[in-house]
Amino acid sequence: MSAQKCRLRVCPEGWYYLLALAVLLVIAILREANLLVLVVGLLSGPILLGWGLAIRTLRMLEVERRVPRSVGAGDLLVVRVRVTNRRRRLSSWAVIVEDRLQPEGAAGGNTAVRSRTFFGHIPSGETRQRTYRGRMTQRGRYRLGPLEVQTRFPFGFFSRTVVAGGTETVTILPRLGRLRPGWTARRSEAFEGSHRPQLRQTRGLGDFYGVREWRPGESRRWIHWRSSARHDTLVVCQLEQHREFDVAVLLDLWQPRRPGVADRENVELAVSFTATVVAEVCRQGGSSLSLGIAGAEPYCLSGPVSTPLLQEAMERLAVAQPSWEDHLAKLLDRIGPQLGANTDVILVTTRRIRIDHERLQAADGQAWWKQPLVARFRVVDTSDARLAEYFETDWPVAVWAED
Amino acid sequence: MTDRLERLLSINVAVLVALSTLLLGMGQRQVVLPALMLVAVTASLWLTDLTGWLRLNRTATNGAMLLAVAACAWDLLGREGVSEAAAISRLLVWVEIVLLFQQKDLRTWVQLMILSLVQVTVAALVPQKIWFGLLAVVYVAVGLPAVSLVFLQFERTYYQRHGSARLVSAASGGRFRRFQVNWRRLGKIALATLVVGPLSLFLRYGESEGTGEGEIDGAVKPAGTGRWPLLFHDAVLLVPEPRPGEPEGLTWEFWVRLLKFLPATLLTAAVIFPFVPRLGRFEIGLYRVGWFESNTRSDPVRTAGFSDEVVLGELGLLSNDMKKVAEVEFTHTESKQPYEVSGEVYLRGAVLTEYADGQWKYRGQGHRLRRGVDPRLRSRLVQQKITVEPLDRSELFCVWPFVLRRGDRYFYNPKTERLLRADRQRNQRFTFTLDTPALVDGVQVALVPSDGPVAVRPLLAAPPHPMPRLEALARQWAQESGAAPEDWVRVARYMESKLRDSERFAYSSMGAVRDEQLDPIEDFVINNPTGNCEYFATALTLMLRSQGIPARLVVGFKTDEFSNLRNVFVARQAHAHTWVEVYLDPEHLPDELKALSSFPDWSHGGWLRLDPTPARDLTPVEALLGGMENWWAWLCEAWEQYVMGMNRQQQRELVYGPLRRSFLARLRRVGTLAWWKELWEQVRRAPGWLAWYFAEGRWFSWRGGLAAVVLLLTGYFLWRGLCALARLARILWSRVARHRDDSRRVQVAFYRRFEALLARRGLRRRTSQTPREFATAAGGQLAAVTGHAGLEGLPRQVADAFYQVRFGDTALEPLQEQAVDEALGRLEEALRAHPQRRLLARLNVRPEAVRRPT
C-alpha cells in the first residue's frame, strides 16, 4: 500500500471503556480494594493489545480500485475494490475500505457520496475483491478517492486509518435519449426537402441498416416482400445512405441569472438531446462533425467522425455549464469559418430564438454565412413542448423506485 | 436460525455471564445464584438461541424486569448491610436471566456483558480466595473473544446498513441529521427511569429504525415539471450484500490470536497491579454495605492441629490442612540483617505434664521467666518476628527460650508456662517480636538452659494406671543402651532412636483401632505400633519417666518450610507437632552438650529436646499430591500475601523501595570506572567463554540448549528492535523530507501570491490539476469573463516560472523576476477592476465558497 497518511484514534467505544476503567481504578484506589486493582489490570490488557493489533492489521495491505472512465448519468456505475494482504502470517479482519465520490467544480451539484466496503477476513497472502455499485444522476466530472483503509479490529476501541493510493476521475456523461422518427422526418425536411425520399428499396443506394414495420400512409413500393413473408408482417428495409454532408451541432446553454426548475430542466434536456444527436451522427459515420458549446466556457470541437471524437464530445458535454450571458454570437464567430457549404447546422438552445440572415450578419458584420448554409440552419428549442415529438428519454428503474 | 458468528457469540456471552455470577456467588458465600444462573444459561442457549422455542417479547420482558425490581425493592425494605447487597446482587442476576431469554441482538449482548462486568466488580469488592484469581483468568479468556465477536458482529451489520452515505457540503444548505429525536420514545424512557431507575436501560420501548447517519435533513425538493426527473435525485451508492456462505474469518488463526492475548493480558495485569498506588482507605461516604468492608481482613481459622490438651486417639486423621497458621522471620537483633536458619524450627505452644488414660494436661507449679537477658548473650540474640493468623486460640508460638520485650501486646502466663495474647485479638492477624538465644550457627539447639529452678515431681509423675509392659520395654531399652543409670542423655537418646528408627514403629496419620482394655499408649507400644506424633511423644515421655528421667510433652509446630519469597518460615496446620523435653539437672548435664549449646549459665539445669516421631513414608502418589499441595499452599500464600494483603507499607517495601534502591545502586555503579572495566572484561572474555563452552560436544547439553534458546531469542528481539528502529527512521525521514518540501514550497513566494490572488476570486487549483493545467484553465476563464484577451497568457507565464524554480532547481534571473512581478501586477489590476461579486457570478462560484487562503 502506498501509504500516505496514517492516523490512529480512539473510537467512542474506546472512550467509554477507558472511562469505565478510570472509574474502577479510582474506586479501587480510594477503597484500597486490591481485587478491583487486579480487575482493572486485567481490563487494561485489551486496550494495549487492541492498539497494537489495529496498527499491525493494516500493514502491507494493498488496495486497488477499478473504475470505468465514464458512465452515463443514471446508468449503473460499478467499482471494484481489491484488497491484497501481502503479509506472510497475519490475516486481517474487519477491514473497511472507504471511497468518496465527489464532484469536481460546480458540475454535479454539491453532493458527495461515500461508500464503505467491508472485508470481513483477508487471509495472509490472499486477495479479496468486493464490488460496490451506484447511480450518479448528475452529469459532470467526479473525483474518486483517495481510498481510506480502516480497521477497528479486534475490539473496536481504536480505529486505524491509512490513506492509500491516489485519486481517479470518472466522467458522468449526459444521459442519452432516443430520437423518434419525427426527428428524422424533420431533419430531412430541413436539410433535404420533404420531397426527397429517404429510404429506398434499391440495394445500390445504401447499406442495409435494418427492417421496420411498414406504417400506413407510406408508399407500398417500400415494402420488402421477401422479408415481410419471413416476418409475417409488412416490413420495410431501411437503407443507410452515405451522404457527403457535414453536421455541426451547436449547443446554446443559456439560462436566466436566477434559473428556475424549468430552466435547469431545459439545460439538461438540451445537453442530453445534443449528446444523443452527436452520438447518432457518429454512429452513422461518413461525415465530419463540429460541436460548439456556448456555455460558461465556450468551446468548439470539430473533426471527422470517430470514436475518440465522440468520447471527447461527450466529456465536454458532461462538464458543460450554462451561462446567463449570451455567448452564442461568439460561438458562431468562432465556429463559422470552419463550416463548409454543405454543413447541416443544428442549433440546440434552451430559449426561444430565431436565426435569420440579419442576425448572423449582426453577429460579426461579415457576410460569411452564405445563403445555402442559412437554409440548412435548424433550431431545436428544448423549452418547447414539441421536443417530445422527436426526442424521448428512458429513466432508470432504480431512480423511480426510490420514490 | 442464527449464523455461526451469532451462535458463537451467544455461547461466549452465556459462559461469561455464568462465570461472573459464580465470582459473585463466591464473594457472597452462596451457591444458589451461580446454580440458578447455570440452569438459566443452559436453558436459554437451548431454548432461545439455538432452537428459538422461547423468546420473551417486549411485554414479557418489561413485565419480568418490573417484577425483578419489585422483588429487589421488597428485599431492600428495612434491610441494610449484607442483606442489602445480596438483594442488589440478586437483582443483577434476575435482569441477566431476563435478557438471556430474549432474542439476541447487539444491544442484548452488550447489555449482558456490561452486567457481567458489574458483577465482577461487585465480587472484587469483597474478600476472595485464590479461586477468584483463577476464575478471573478464565473470565478474561472467555471475555476477550466475546468482545471481539461482538465487535465483528457490529461491524458486519453496521456497514451493511450504513455502508454508503451522502455527504453534503455546508454551502449547499443541507444538514446532516445524526440524531432523530423520537419524543414519544424519549418520554417512555424518562417515565421508566423515574420508576425503575437505571434499570430502564434494559427495558424495551419498541425499537424504531432511525434514519441514522447519511440522511439529509433535506429541504423540500422542488417538484419540477417532470421533463428531467434526474435533476432531483441524488447519487446513490450500494454496498455489496454478503454472499451466502461467505467465510466470516472465524478461523483457527482468529482463536489462536485471541488466545495469545491471554498471557499478554495477564502480564499487563501483573505489571499494573503492584504499581497502582495504595493510598490507604478513604471513607468518603460511598455506598456502604456490610460485605464491602475491608478485604484485607481474613476469616478466623479454626486450629486443627494444635490443642492445649492432647487426647490420644481423638484426633483420628491428622489434619493435612495446608492453611497457614504462623510465619516467623529471623533477623539479627543487633545488625537487623536476615538470619539464616537451616534445618527445622520448633515453635512451642504449650507444655503438658500430666498423663492419665490417654489424655495429657498441664499440672505444675508454674515457672517464672527471668527478667532481662544475660549480657553475655546479647551479641547472639536473634529476633523472631512472628505473625499469627486469626485462630480460635490465644496461645502464641515461638522458639523457646525467649526474651520478653516491654510494651508489646502479648503476655506470659507463668502458671501455664504459655505465651498468650488477648482474646479479642484472636480474630485478626497478630504480629509480635521476641528475641531468642536458642539459635546457634543457624541451627536451633536441642539443649537450652532453664531460667529458674524446676519442680521435678510433676515431670516424673507416673500414670494412674500402671503400664507394666511399657515399663518393661523401657527397662529393656535402657539396658540395651549400655549407658550408666546416671547417663540420662544417652538413655534418652537411645529410647528416642528406638522409637524413631526401628522398623517396628511406623508413622501414620490415620487413626488406628485400639484395644479398649488397654491404655492407648500401651496398646501402641505393645500391640499396634503405628500412630502419629502424639503417640510417639507420649510413649517416650512415659518410658523416660518410668526410668526416673523427668520429661514432659510439648505441643506446637515443627516446620522446615522456608519461603524464599519473603524470607520466613511458614507454619501450617499440617505442621502441628508434639515432641518431648527432658529436664537435665546440673548433675546430669554432660559438658560436651553444654559446649555445643554455648550458653553461659547452666545453674538451673537444662531442657533437652527429643523428637521420637519417625519420618513419614510417602507413596509416590502421596509424594506427588504432597508436592501439589505444597504448590497450592504456596499459591494461596502468595495470593493472601501479595494480592489480598498488598497495602501501602508492603508496596513500599516490595516494589518502590527495591526499585529505588536498585536504580540508585546501578546509577552509582555506572558512574564508577571499575564497573566499566568489569563490563569490558566480560565482553572481552565472552567469545572465549562461548568457544570453550561449545567445544567438545557441550552443545548437546541442557546448558547448551538453554544457551541456544537464549541466543536465538536475543537475536530475534534484536532483529525486531532493529526493524522497529528502521521503521521509525523511515517515518522520521519522510517527515523531514516533507518538511523540506514544504519549506522549499514556501520559498516560491510568487506562486503562492498567484494562487492566493486567484483563490480570492474563487479559482482554486484542484488536487488533480497540475499548476500548469490550472494556469491554462484559469487564464482562459479570466480572459473570457473579463474580456481582456491579454490576461490569458499571464497565469501560464507565472506557472512556467514556478516550474523553473520548483522542479528545475534554478533561481530566476532578475529580468524573469521582474516579468513575473509585472504579470502578477497586471493580473491584480485587472481583477481589481472587476468587482469580486460580479466576477464570481461570472465564474459561477458562490461567494460563500470563497475563503481567504491561509
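**Exercise 1.** What percentage of the contacts in chain A with a separation of 6 or more comes from residues 24 or more positions apart?

*Solution.* The model is predicted. Chain A holds 10 helices and 20 strands. Of its 403 residues, 40% count as buried. Among contacts in chain A with a separation of 6 or more, residues 24 or more positions apart supply 75%.

**Exercise 2.** Compare the span of helix α6 of chain A with the expected one, then state which of its residues are buried and what covers them.

*Solution.* Step 1: α6(A) covers residues 307-319, 13 residues in total.

Step 1: the buried residues are A:Ala313, A:Met314, A:Arg316, A:Leu317, A:Ala318 and A:Val319.

Step 2: the cover over these buried residues includes α5 (261-284) and the strands β8 (140-144), β11 (168-173), β16 (288-294) and β17 (299-304), which belong to chain A.

**Exercise 3.** Describe the contact between chains A and B, beginning with the residues each chain gives.

*Solution.* Step 1: chain A gives 69 residues and chain B gives 73.

Step 1: on the side of chain B that touches chain A, the elements giving two or more residues include α5 (106-123), β2 (236-238) and α19 (771-786). The largest share, 12 residues, is from α6(B).

Step 2: this side of chain B comprises 43 nonpolar, 20 polar and 10 charged residues.

Step 3: strand β7 of chain A (residues 127-135) runs antiparallel to β2(B), joined by three bridges. A:Gly134 has B:Leu237 as its bridge partner in β2(B).

Definitions and conventions:
Residues numbered from 1 in each chain as written. Chains lettered and ligands numbered in written order. Predicted model: local features only at pLDDT ≥ 70, side-chain atom pairs only at ≥ 80, totals over all residues. Helix = DSSP H or I, 4+ residues; strand = E, 2+ residues; numbered from the N terminus. Expected span 1.5 Å × (residues − 1). Buried ≥ 20, exposed ≤ 12 C-beta atoms within 10 Å, placed from the backbone. Contact = placed C-beta atoms within 7 Å. Nonpolar A, V, L, I, M, F, W, Y, C, P; charged D, E, K, R; others polar. Pairing = 2+ DSSP bridges.
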